[in-house]
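Please keep the sequence and the coordinates at hand while reading.

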Amino acid sequence: MNYADSERLAATLNKSGYQPTDKEKEADLIIAVACSVRQSAIERIWGKAADWQKMKQKKPLITILTGCVLKTDKPKLYQIFDYIFEIKDLTKLPIFLGSRGFTHSLPKADYFKVHPAYQNDFQAYVPISTGCNNFCSYCVVPYVRGRETSRPARDIINECKGLIKKGYKEITLLGQNVNSYGLDLKNKIKFPSLLKTIANLPGNFWLRFVTSHPKDLSDDLIKVIAENKKICRYLHLPVQSGDNKILNKMNRKYTQKHYLNLIKKVREKIPALAITTDVIVGFPGETTREFENTLKLFKVVKFDMAYINKYSARAGTTAFKLKDNVTKNEKEKRYRKLNKILNRTALEKHKKLIDKTLKVLVEFKRKNYNYGKTETFKTVKFLTKKNLIGKFIVVKIVKAQAFGLEAKLIKKYGT
Ligand code: SAM
Ligand code: SF4
């Protein structure tokens, strides 16, 4: 989401007469897009802000903060940033800059109407909704991003049509819970229909979406993915915990059984599907036995990849009222235990891909290697002096690791 925010931010600044620079020291204006989901992320902002304070002593520099910022952090942050604004108020930014000697201002429009400056010419992130109504007890998103607001389907489809016309190869639809897309719109179009409409647009592209909430993943959505080859065989389905008591305390509104049934169902209907997840270790009061249920779930599901998070208490959330009583040390231990299982299961899966030919979208080149992703979101590197960035390439897998694959180019590699 922060990536999509940055693209809209860059476009707004561009219209206001600003040019980007790679060299921080040359900047007249720095805007940080914060993430307050975990304390560690906001601490990075503090570190950077200290450097910018030093820069300000040597030259005129405006520093601005946006993204997800907790209400309780704002007073302190205001002491070091010149301006803090909510990303949904992006169109007000030029007015602030105008007051600093820049006369450009944009007509008032909502965030979704700001046309983004895409960071590359083959992959794009298209927000379909902002905010969230789920109020998981540990999460700041509903407080910092507000309630869920869906973007009109016509605008989303038009943005995708424009991207495909320009030759974009990969479109990722973004929302905190894509499965509840459209419920707040007058013309109640549901996510599976939106996805199907976009997948049916003519063109050579892959379609992805994140994130799906397990309580809302419908049979209709599974059917649409199964029936449309352009929709990547990849599902990010955050579980957060494998224990029912913790899931209840997290306000996730599903049980371990529901989650496992979902996994069984999606794998039956879409056998090639890769499944990734988010999980939190050390939620307040999580006992060893409760954590073991998460370990068991990991062993059963065998995720392709998981983002393992150590619980971080966030002011203003319901869980903040609970005692953060799992020690740092214990959180680290649980993190490592889960990671060990993940490494094992991911490696097992990757080994099965050896000698298979797979299609890859090349993302970047480093030294003599090109790096890309399969439609199952696996990173693949292969040796070639050619620069194949932005192209679909067919490669043969020669080596498997837990978090990536190595391949070689085959004779007819272009698609
Ligand atoms: N909307 C998505 C969902 O429902 O799963 C995820 C959005 S959240 C910004 C990304 C991930 O951060 C979550 O899935 C969760 O695992 C993690 N997260 C959120 N709040 C956290 C907290 N207080 N401590 C640790 N991890 C947290
Ligand atoms: Fe946060 Fe839960 Fe909403 Fe995801 S669904 S953004 S974890 S409140």
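Two strands are said to pair if DSSP finds at least two bridges between them. Helices (H or I, at least four residues) and strands (E, at least two) are DSSP runs, numbered from the N terminus. The structure is a predicted model, in which local features need pLDDT of at least 70 and side-chain atom pairs count only at pLDDT 80 or more, while totals for chains, interfaces and linings use all residues. Residues are numbered from 1 along each chain as its sequence is written, chains are lettered from A and ligands numbered from 1 in the order in which they are written, and side-chain values use heavy atoms, with hydrogens and water left out.

By this criterion, S13 and strand S14 (residues 379-383) pair in the antiparallel sense over five bridges, and lysine 373 stands opposite threonine 379 in S14. Four residues lie between the strands of this hairpin, and phenylalanine 377 takes a positive phi near 70 degrees there. Strand S13 (residues 369-374) is also joined to strand S12 (residues 357-366) by six bridges, again in the antiparallel sense. Here leucine 361 is the residue opposite lysine 373 in S13. S12 and S13 form a hairpin with two residues between them, and lysine 367 in the turn has a positive phi of about 50 degrees. Of the six residues of S13, five are buried, where buried means under 20% relative accessible area, exposed over 50%, and partly exposed in between (1.4 Å probe, protein chains only).

Parallel pairing is found elsewhere. Strand S1 (residues 29-34) runs parallel to S2, with six bridges joining them, and leucine 29 stands opposite isoleucine 62 in S2. In a regular strand the side chains alternate between the two faces of the sheet. Ile62, Ile64 and Thr66 point one way from S2, and Thr63, Leu65 and Gly67 the other way. What is the burial of strand S2 (residues 62-67)? Six of its six residues are buried. Threonine 63 lies 8.9 Å from glutamine 53, C-alpha to C-alpha, at a separation of ten residues in sequence. Glutamine 53 belongs to helix H2 (residues 39-58) and is partly exposed because its relative accessible area is 30%.

One has three strands in the order S4-S7-S8, with parallel pairing; its edge strands, S4 (123-127) and S8 (206-210), each pair on one side only. The twist averages 20 degrees from one strand to the next, with axes taken as lines fitted to C-alpha atoms, for helices over the stretch in contact, and angles running from 0 to 180 degrees between N-to-C directions. Strand S7 (residues 170-174) is joined to S8 by five bridges, and isoleucine 171 faces leucine 207 in S8.

The other open sheet has three strands in the order S9-S10-S11, also with parallel pairing. Its edge strands are S9 (234-236) and S11 (305-310), each pairing on one side only. Neighbouring strands of this sheet are turned by 10 degrees against each other on average, direction ignored. Six bridges connect strand S10 (residues 274-281) with S11, and valine 281 stands opposite lysine 310 in S11.

Finally, ligand 2 is surrounded by residues with a heavy atom within 4 Å of it, among them Cys132, Cys136, Cys139, Gln176, His213 and Arg252. By class, this shell has seven nonpolar, three polar and one charged residues, where Ala, Val, Leu, Ile, Met, Phe, Trp, Tyr, Cys and Pro count as nonpolar, Asp, Glu, Lys and Arg as charged, and the others, Gly among them, as polar.
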